[in-house]
Amino acid sequence: MLNSPGNRHLRDETTHFGSPSRGLPAAHFRRPRQESPRLPNTSLSENSYFDETDLSAYFSHLNVNDRIFDNPVYHFPLVENGFFSHPCQEAEPINQDSSILNLLHSHNFDGLRSNGNELSSVPRNQWMSSLSLKRNQWLQDSFDCSSLRDLRGNIVALAKDQYGCRHLQRTMSSLPKEEIDMIFVEVIDRVCELMIDPFGNYVVQKLVELCSEEQRTRILLMLTNDDFQLVRICLNTHGIRAVLKLLENLTNPQQISLVIAALRPGAVALTKDTNGHYVIQYCVKHFSHEDTKYLLNEVADNCYGIATDKSGCCVLQHCVEYSKGAQRERLVAEIIANALLLAEDCYGNYVVQHLLALRVPQITASLLRQLEGHYVSFSCNKYGSNVVERCLLESGEEQSTRIIIELLRSPNVSMLLMHPFGNYVIQSALLVSKGFVHDALRYLIRINSPMMRSNIYGKKVLAWFQKRRLPYI
């Protein structure tokens, strides 16, 4: 297995999830300037200044009117001493048609005063920093002061906002069913879009936990309405999280059947994907044998390609471990049939070792027969040597004895004593061998010990005796 502690070539594979930065550089707002007598220069240096075009561009980026302020009951925050005041304080109402720039002209800012249609010069870097710093806190305070009904029509926009999604998650747990239904109605038609959104996926996860069984079925129908829609979401870093949460909350066979039918055409692609393989493993582990047999058949049909993939080899081991009956027998048979190729593959060797680790006598015997006659060549291979060691350690005394005899009869057996990988096979053979086979190994080491003392890998074999305080002569 990938996590086997005895594997010398263990690879530490981890997956990191992250969210892209939501901030935009100042260069994003730099546009060609209009002629203005208030501008000291036209360069975009640190001392350049905002004009009306710049402020319009900046506030259009904030998308204020596109968020919670579509409702006329919300007021644009007053500006006192150069900073936004609390949004719940009394202020002039704002509607869709109001211009942010006109509102700015109607108030005095610290360092910025309206004078007709012209704005006094203000350093660009000073305003960019102050507006950006206060925007996040202002939005957060706005959400804290609002009720969910006031946000009607803006749920999707809020779900896709860093602070809006947090507000929704906090409030949804304590909402009555009527307001959960209101959120569901707004979200359902865009649930696929939200599931792959860096922030929206968290709202979908929360909604899946709280909605009714019928509503979860409607979500599944939206996900499975188009071919490969669910598969594409599973391949997404954010989408896989929402899908797994949905799978955890499935409550009836109809829902499970919808999921399996939608995943089956893309099963091979999912097993080989760093995100998608999680959904296959979840289904195999938590759903019934009858539900997963179609997925397992797809995996068995593509056994070699999946076994030689970094993510696929993990999925295949998982399938072998949790499958039963005819599907498991077919998976095992396919792995054994490809064992000679898999044993020397950087990922496939883990699948072969997993079969041995099961310690099922029939499986072990079949696999050893398939590998017979290739133990010497495998011992000289970086990955195959791990398989030979596992064969020695996991098989019975009679089977391990046959493997060691095959090694001793090879004309190249002396080479294994000083081989970068073969020396580990010899050490494992010394550990499990008994009687005349063990004596034969010690004799081989004794007659080659002069050369082994001057070889870095030969010294490792001699150190095996020293650790156990055993003479090799």
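## Aromatic pairs

Tyr-282 and Phe-287 are both buried (under 20% relative accessible area, with exposed over 50% and partly exposed in between; 1.4 Å probe, protein chains only). Their ring centres lie 6.1 Å apart with planes at 90 degrees, so the pair is edge-to-face. Rings of Phe, Tyr and Trp (its six-membered ring) pair if their centres lie within 6.5 Å; planes under 30 degrees apart count as stacked, over 60 as edge-to-face and the rest as tilted.

The structure holds two aromatic pairs. Trp-464 and Phe-465 also pair edge-to-face, because their ring centres are 5.1 Å apart and their planes stand at 85 degrees. Trp-464 counts as buried at 7% relative accessibility, and Phe-465 does at 0%.

## Basis of the values

The model is predicted: local features need pLDDT of at least 70 and side-chain atom pairs count only at pLDDT 80 or more, while totals for chains, interfaces and linings use all residues. Residues are numbered from 1 along each chain as its sequence is written, and side-chain values use heavy atoms, leaving out hydrogens and water.

## Helix H21

Helix H21 spans residues 361-371, and Ile-363, Thr-364, Leu-367, Leu-368 and Leu-371 are buried in it. Helices (H or I, at least four residues) are DSSP runs, numbered from the N terminus. Down the axis of H21, the buried residues fall within an arc of 125 degrees, so they line one face; the arc is that of the directions from the helix axis to the C-beta atoms.

The face turned away from the buried side carries the exposed residues Pro-361, Gln-362 and Arg-369. Among the elements covering the buried residues of H21 are helix H18 (325-337), helix H20 (348-357) and helix H24 (397-409). Just after H21, Gly-373 takes a positive phi of about 90 degrees.

Technical notes: Helices (H or I, at least four residues) and strands (E, at least two) are DSSP runs, numbered from the N terminus. Contact means heavy atoms within 4.5 Å.
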